[in-house]
Amino acid sequence: MLMRESQFLIIILKVSYWLQTGLTRVVGIIQRYLDLWKDMLSYLSAALNFIILVSYSDQHGPRNEEPQFFNMSTFSTEVLMMVLGIITSFFILVIFFNLLAIKIPTKIRRYQVLVKEKYKKMKETGVIDDNKVQSFYRTFIDVCGLIFKLATDFHLLFFLLLFVMTILGVAVHPFYYTFLIAYVIYMSSTLISVLQAIWYPRYTITLTIALMFIANYVMTVFSYRYYATEYADNTCYSLWTCFIVSYDQTFKTGSGIGGYLTSAYTVNSSTVSLNYGRIIYDNIAYLLIYILLIGIISGIIIDTFAELRQKENEIMEDSKSACFVCDRSREELEKMYGANGFAYHTNNDHNLWDYLFFIAYLETKKESKGKVLNTIERYVAKKIEDDDHVW
């Protein structure tokens, strides 16, 4: 895995170095403090949304206009939000172009590797030949696929949308700044894990929601036939309306659709009349839709989140308990080298960055004119080409 990813890491390092040293001094300084700009963008996003939250009120005038941030005038508040929005848009552009400079060569290289592997397998199996027309067509399809991958990259699209919303906030209305709060989520690994726990099992969740609609539809048909008069304000006058109202009120009442219908109990002077059919209907609807299916969706999300956290913890634990290169345990290395043996071994004997820099050195030397690899370097380079990691 390290050998496979090394070529992409090398590209990222080269581009980052080029941005810091190969362009103008200003660009180099901006690139050098990129982490600071990312943090500043988080603070500005939170600050802008806080200003919006406390500045708008219909007591100052039209509820969507004339904001007043505490004791500041409307003009001062608008100028403050505009200035912060312009600064924010600058930070977004800096991060966006940094991503663009890194993503384009990395995506191209990844796509080249995938295409090369695909065609190698196809030639081995005799699926393709060397026909020029077919070769041109495959090249055209590959280029279109690469352009599509670049145009649909999540991170690039996210920052592009972030920039557009910020410009709209500056030029149209500050309410567009509310999208900036998404950047705070983007920067939090924990919040991203929460979203991933919803996104990864999306097909299972979608099917469960579809099952919930089906169950609600069956219960609605029953209520339309027997309990239509028990809906408030004649809201069950048609099956479609009855379905929408039943689904909506199932979650708003907190007790299923039975909490919205008239009571299943009729109190007389000395007795209580019970509608047993309604009681059974209410409990089935509550247990099936509100408890069981909602519980299943919650369980899917919670289990996925737990799996993601467990995988992350396993990776962290593995990196702290064994050497990635030789797979020796921390205990074994500390017996050999002493109390700090594991740290010494992974920093000096088997430092991953040393391996990465050596691979980058071999690639650079092979591409340089007038430089020839020595015997050991040729041996390692051949092993890397063959995807053999014994070296």
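How many salt bridges does a search of the whole structure find? The search finds 5 salt bridges, each defined as a side-chain nitrogen of Lys or Arg within 4 Å of a carboxyl oxygen of Asp or Glu.

The model is predicted: local features need pLDDT of at least 70, side-chain atom pairs count only at pLDDT 80 or more, and totals for chains, interfaces and linings use all residues. Residues are numbered from 1 along each chain as its sequence is written, and side-chain values use heavy atoms, with hydrogens and water left out.

| Pair | N to O distance |
|---|---|
| Asp248 and Lys252 | 3.1 Å |
| Arg278 and Asp282 | 2.8 Å |
| Glu334 and Arg330 | 3.2 Å |

Helices here are DSSP runs of H or I with at least four residues, numbered from the N terminus. Asp248 and Lys252 lie 4 residues apart in helix H10 (residues 239-252), so about one helical turn separates them. Asp248 is partly exposed at 29% relative accessible area, whereas Lys252 is exposed at 59%; buried denotes under 20%, exposed over 50%, and partly exposed the range in between (1.4 Å probe, protein chains only).

In helix H11 (residues 276-321), Arg278 and Asp282 are likewise 4 residues apart, about one helical turn. Both of these residues, Arg278 and Asp282, are buried.

Helix H12 (residues 330-337) holds Glu334 and Arg330, 4 residues and about one helical turn apart. Glu334 is partly exposed at 27% relative accessibility, and Arg330 is partly exposed at 32%. Elsewhere, salt bridges with shared partners join Glu230, Arg278 and Asp282 into one network.

Notes:
Helix = DSSP H or I, 4+ residues; strand = E, 2+ residues; numbered from the N terminus.
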